[in-house]
Amino acid sequence: MDYIYENLGPERFQEFCQALLLKEFDKVQCFPVAQPDGGRDAISIVRHKNKATKLNKFIIFQVKFVRKPLSIENPHKWLYDVIQDELPKIKELIPKGAKEYYLITNIPGTAHKESGSIDKIQKMLGILNVPAQCLWRDDLNRRLDNSWDIKWAYPEIMTGTDFLRYIIEKELDIRGSARSSTIKAFIRNQYERDRELRFKQVDLQNNLLKLFVDVPIEISSRNDLSYFCRQYLNHEDSNNENQVGAAALLLNPNIQTYFPKIVLEGAPGQGKSTVSQYICQVHRIRILGLDSELSQLPDYHKPSSLRLPIRVDLRDFASWLDGRDPFSVSDDEQLFHQKPKSVESFLVAQIKYESGGIDFEIGDLIAIGSVSAILLVFDGLDEVADISKRRTMVEEIKRGIKRLNESFASLQVIITSRPTAFANSPGFPENDFPVFRLDALTKSLIESYTNKWIITKKIHGNEASDIRKILKEKLSYSHLKDLSRNAMQLSILLNLIYTRGSSLPDKRTALYTQYIDLFFARESEKNNIVRLHRELILEIHGYLAWVLHCEVEGNHTDGTISTSNLKNLILNYITYEQKDSSLVEELFTGVTERVVFLVSRLEGTFEFEVQPIREYFAARYLYETAPYSPPGMEQSGTKPDRFDAIAANFYWLNVTRFYSGFFSKGELPSLAERLLVLAEKDGYKHLLYPRELAAMLLSDWVFSQDQRSMTKVINLIVKSIGLHSLLTSSNVFRAKSTTDLILPTGCGREQLTQHCWEALNTDIPWDYAIELIQIVNSNTTWHERKEIWKAYLRIIDTSKIKQWLKFGHHLGLLSEITKEELSEIICNEIVDEELIWILLRSNHSDFIEDNESLVKLTIDCVLNGPKNFFITRDSSITNYFAMALGPFYYLVMLLESEDLL
């Protein structure tokens, strides 16, 4: 059997070779990797010091690794060149006691007599005048075949077949073989189920491997473990944007070692489930030996420690803890079970079900886990809406993981969830479960996904070029750029561009509406059921989405509905609407077979493919069915009433955003009023949530049609608590470590920046001013900032000029203005040490050097110290003078000096 040594990399390969040597040779000393070792990666002392020579006799081992050995046309020539370089080092070691020499490589040798690489290299090694040998790839393979302890220490080299064989050979009995068969059947079933992306687009076969892009990841936790991972993130250069993808990070063996338990957070549609789905598929592909699929994986996803992946839908686990068996569904409802309500019993039930019903017990799970590495993915913590139920589930998962860690050889746990919407939401302690958060798609990832989408869609030539051109144009607008932050929304955008060209709506809700309408228009052409009952099928989707969303929150279901219950809901709806009840079967077929928004994940049940689609349809239903309330005949449940109900509920946040997007221009004043009421409501007036919701709605273009309403909402955001409090207390608008609140043009951006400018012209603390400046920088162009800043400089009092010069520095403006412009601004009344600091920081040494009084003041400042100017490294005389006398720069030089470290 051959092994995948290339997955190790040069340093791990050297460590692997040292481990092999320890099994074959005595008294092996292993030298550290990546250090100057004088031609020695390891030595074996074979004789103690001779009385005459006072030297130890030892064997030299040297390791040479090639990343792509099969690509080397002449390996013996490559080794010859390597040994030629190493000969001087080796010859120097022979008089010092070296009695044998071994060269170890992952290159495969050739056996042709005299002309093969093995014989040629062996002949060349003869010039050393000591016994010497090259251990080729085949030599390593045979030494490794039965060395399971080493295989397990370096699982990256194992194939899927080897992995399963190991499980069997650890228990050479009928039971052990049955376990392996069960696991293989289970893995195959999960592999087939996860081959498609969860969000199906129009007329597109969504093969996961063909469309997957690795979403960037950042770390939210601030604990000791995070430091290691941050170092990894800082040194990985994925897509040339100094970011690493989530899959690349979580498949990395070192990350698996240092971060065995993590929480992966992502917004709706951002791809947290897709990432976990993909990671599991990588392991399954290797275990099942699917070479064609393996070839589709990028190289940096292949060198992963091989693990047995088990992916759990937490809605199913929540049902299990509630006593219901999600894998045994009757026509009416899930059956109850009498088994322990534990992680172990659930995993056994799932494996048994997905392997086709093969007998499998907890003892089998423990036996397999004790001899293999396991990956447990708990997907969808946020989709369990009931707080008490979620708390129970979290506690059981924590207890279950502790028990499994006692029995399993190696366990990696990934838990996916949306970011928590409120402080007391049950979750996992960050000290034990560091939080990794998915970031937005980068520019290069957007391009990569677009290219994959176009190829999968089979679009060619000018048509493909037009799509790329329109997308690039649309993404230059911030409000549309936000709609490409994740793959699901980018798919919608691409479909709309493909069908509508450059004429795209601004509103987030309108984009979804156009996408839904686009699908139904196409499906109507293909299917008679959809063509005849299009509007009714849309209404049923809305009614079903509303019912399921309510039931999930009320802890009545996990978001699924059985076949019989779905038919009953359809019957109830069409009866209420006074439609023909005989249409139930026909409508059921249309809803479940012709429309992609509902899927059957488990036989006998249906659910919305992704939660945002369910939330969109629920919002649409609430808006379209709200009653009219005329004067004198008032009714409850109007559109404002419904907004009050869902906006006050954190679980309905995404529904609220979709719902608000349906409001017409004449209804927007009432929507703005309801936001103001929510902000003053008991229990909410001291929370940031109403203001965060208001900012979300502005970014969604909800108020773009009515400027008066928009102004009210802007005032709500900035009033009472102040922008500083909003930004430093919330992560809603954070991008990495910055504090950017960005609104699209026409959605309140102008009003927001105007408020910031006006606030900067008042007496405010410096840290608050910095927050305001960051908002201005994020919401204006450089030229816009420059014009407004210069306008304020013309009208402010002399006492404020120096402050506004500091603002100009942080706005990125002061360094760009000319000496002539500075001369018009600066007067003698403001000249002091602080002004010198501002000018130097803004690269205006030339302005200082043209003014004798400023030069004298600068000299005095530097000589009087210990003022630290943090001067930029320009080539001016003033800068060199300050650097020469400034103690800070001597300290920097001391710290940077390798001789003194």
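## Exercises on a predicted model

Take contacts (heavy atoms within 4.5 Å) in the protein chain between residues at least 6 apart in sequence: 69% of them join residues at least 24 apart. This is a predicted model, where local features need pLDDT of at least 70, side-chain atom pairs count only at pLDDT 80 or more, and totals for chains, interfaces and linings use all residues. Residues are numbered from 1 along each chain as its sequence is written, and side-chain values use heavy atoms, leaving out hydrogens and water.

**Exercise 1.** Work out whether Thr182 is buried or exposed, and what it touches.

*Solution.* Start with the place: Thr182 sits in helix 7 (residues 174-193). Helices here are DSSP runs of H or I with at least four residues, numbered from the N terminus. Next, accessibility: Thr182 counts as buried because its relative accessibility is 1%, and buried means under 20% relative accessible area with a 1.4 Å probe, protein chains only. Last, the partners: leaving out residues up to four places away in sequence, Thr182 touches Ile351, Ser355, Ile358, Asp359 and Phe360.

**Exercise 2.** Find which residues touch the most other members of the largest nonpolar core.

*Solution.* The largest one has 117 residues, and Phe703, Trp789 and Leu805 touch the most other members. Helix 23 (residues 528-553) supplies the largest share of this core, 12 residues. Then zoom in on Phe703: beyond four places in sequence, its contacts include Leu668, Leu671, Met710 and Val713.

**Exercise 3.** Describe the lining of the largest cavity.

*Solution.* A cavity is a set of points, on a 1 Å grid over the protein atoms alone, where a 1.4 Å probe fits but cannot get out; lining residues have an atom within 4 Å of a point. The largest cavity is lined by 13 residues, with Val384, Lys389, Asn555, Thr557 and Asp558 lying nearest its centre. Helix 14 (residues 314-321) gives the most to this lining, three residues.

Notes:
Helices (H or I, at least four residues) and strands (E, at least two) are DSSP runs, numbered from the N terminus. Buried means under 20% relative accessible area, exposed over 50%, partly exposed in between (1.4 Å probe, protein chains only). A nonpolar core is a set of buried Ala, Val, Leu, Ile, Met, Phe, Trp, Tyr and Cys residues joined through side-chain atoms within 4.5 Å. On a 1 Å grid over the protein atoms alone, a cavity is a set of points where a 1.4 Å probe fits but cannot get out, and a pocket is an open set with protein on both sides within 12 Å along at least five of seven lines; lining residues have an atom within 4 Å of a point.
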